Amino acid sequence: MTVMTVKTALITGTSRPAGLGFAVARRLAELDHHVVLTARDVARAEPLAEQLRRDGHAATALRLDLTDRAGMDEAARYLATTFGHLDVLINNASDMPDFTVLSALDADMDAVRSAMEVDVLGPWALTQSMLPLLTAAPAARIVNVSSLSALQVATGLDLGASLRAPAHSMAKYMLNALTGVLARALKDTPILVNAVDPGSTATHPERGDDTDDRPAAESAEGVVWAATLPADGPTGGLFADGQPLT
C-alpha cells in the first residue's frame with residue numbers, strides 16, 4: 001500500500017536509545033512524520049521503533065548499511081512501495097571520532113578511509129538512491145549532521161591540537177563541502193540541503209564522559225529545524241541551533 005499523504009523521514013544511525021538519531025526521530029514523529037529508523041543491525045533499531053509505536057507514533061525500523069549501495073537501493077524500493085515519497089533524509093550515521101589523535105601526521109589511514117566511507121560517500125550514495133523519492137515529495141529536506149571539528153580544516157580553528165581527530169574532522173569537512181555541492185545541484189528544485197552541527201551531546205552515558213554535554217533531545221532541535229525549513233529557508237549552509245556557522 002502506498003501512502004502519499006503521510007510525511008516521511010528517514011534517519012540513519014538510529015541504533016542507540018541515548019543517541020542523537022533516536023532523539024531526532026522522536027521529535028519528527030511528534031511532528032506527525034512517519035519515521036524510518038535505520039541501522040546496520042536492524043535488531044538494534046527495531047526496539048526503538050517499537051518504543052515510538054507504543055507512544056502512539058508511526059515508526060518503522062529498516063536495515064541500512066552506508067557501505068552497501070545495493071542495500072540502499074533496496075531500502076529505496078521499500079520506501080517507494082510503502083510511501084511513494086520521502087520528505088526528510090537525515091544523514092546522521094557517523095564513525096566514532098578518533099579523538100585521541102592530535103595531528104594529521106599521526107592519522108590512521110584505515111580510520112580515515114572508514115570515516116570517509118561512512119560520513120561522506122555513504123550520504124552521497126544514499127542521496128542518489130533516495131533522489132526519486134525526494135523529488136516525489138512536495139518539498140523535501142536533506143540534513144547532513146556535521147561537526148564543529150570540520151572548521152579546524154576549513155578555517156584553521158584551534159581546538160587545542162594541531163588537528164584534533166583528523167579522520168573525523170576531515171570527513172566532516174568533506175561532508176560540508178558535499179552539502180554545498182548537492183544544494184547547488186538541486187537549486188532548481190524545492191529540495192533544501194543543509195549541514196547541522198548538533199554541538200556536544202550526551203550520547204554515551206556509559207562512558208561517563210558526557211557530564212558537561214547537553215541532552216540529545218536538546219541537540220536534536222537544530223537538526224529538526226533544518227528538516228522542517230519553510231520554502232524560503234536557506235540551503236547549502238552549515239548551522240548550529242538555527243544560526244549559520246562560518
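Predicted model: local features only at pLDDT ≥ 70, side-chain atom pairs only at ≥ 80, totals over all residues.
Which residues does serine 103 touch, not counting residues up to four places away in sequence?

**Stop 1: serine 103**

Select serine 103 in the loop that runs between β4 (88-91) and α4. Now show its surroundings: with residues up to four places away in sequence set aside, serine 103 touches Ser162, Leu163 and Pro166. Serine 103 has a relative accessible area of 15%, under the 20% cut-off, so it counts as buried.

**Stop 2: helices α3 and α4**

Select residues 109-136 for α4 and residues 69-82 for α3, and look at how their axes come within 9 Å and cross at roughly 30°. An angle under 35 degrees counts as roughly parallel, so α3 is roughly parallel to α4. The crossing of this pair is right-handed.

On the α3 side you will find Arg69, Met72, Asp73, Ala75, Ala76, Leu79 and Ala80. Facing them from α4 are Gly122, Ala125, Leu126, Gln128, Ser129, Met130 and Leu133. Colour this contact by class and you get nine nonpolar, three polar and two charged residues.

**Stop 3: helices α1 and α7**

Here is another helix pair. Select residues 20-30 for α1 and residues 216-227 for α7; the two pack at an angle of about 60°, and their axes are 8 Å apart. That angle makes α1 oblique to α7. As α1 passes α7, the crossing is right-handed.

The contact draws on Leu20, Ala23, Val24, Arg27 and Leu28 from α1. From α7 come Ala216, Ala217, Ser219, Ala220, Glu221, Val223, Val224 and Ala227. By class, the residues of this contact divide into 10 nonpolar, one polar and two charged.

**Stop 4: valine 35 in strand β2**

Now pick valine 35, which sits in strand β2. Is valine 35 buried or exposed? Its relative accessible area is 0%, so valine 35 is buried. Leaving out neighbours within four places in sequence, valine 35 is in contact with Ala9, Ile11, Ala25, Leu28, Ala29, Leu52, Ala58, Ala59 and Thr60. Leu28 was one of the α1 residues in the contact with α7.

**Stop 5: aspartates in loops**

Select aspartate 32, in the loop between α1 and β2 (33-39). Although aspartate 32 is not a glycine, its phi is positive, at about 70°. With a relative accessible area of 64%, aspartate 32 is exposed.

Then jump to aspartate 241, in the loop between β9 (238-240) and β10 (243-244). Aspartate 241 also has a positive phi, near 55°, in a residue other than glycine. Its relative accessibility is 45%, so aspartate 241 counts as partly exposed.

Finish at aspartate 212, in the loop between β7 (201-202) and β8 (214-215). Aspartate 212 has a relative accessible area of 77% and is exposed.

Methods
Residues numbered from 1 in each chain as written. Heavy atoms only, no water. Axes fitted to C-alpha atoms, helices over the stretch in contact; angles between N-to-C directions. Helix = DSSP H or I, 4+ residues; strand = E, 2+ residues; numbered from the N terminus. Parallel < 35°, antiparallel > 145°, perpendicular 65-115°, else oblique. Left-handed = near helix turned anticlockwise from the far one by under 90°. Contact = heavy atoms within 4.5 Å. Nonpolar A, V, L, I, M, F, W, Y, C, P; charged D, E, K, R; others polar. Buried < 20%, exposed > 50% of the residue type's maximum accessible area, 1.4 Å probe, protein only.
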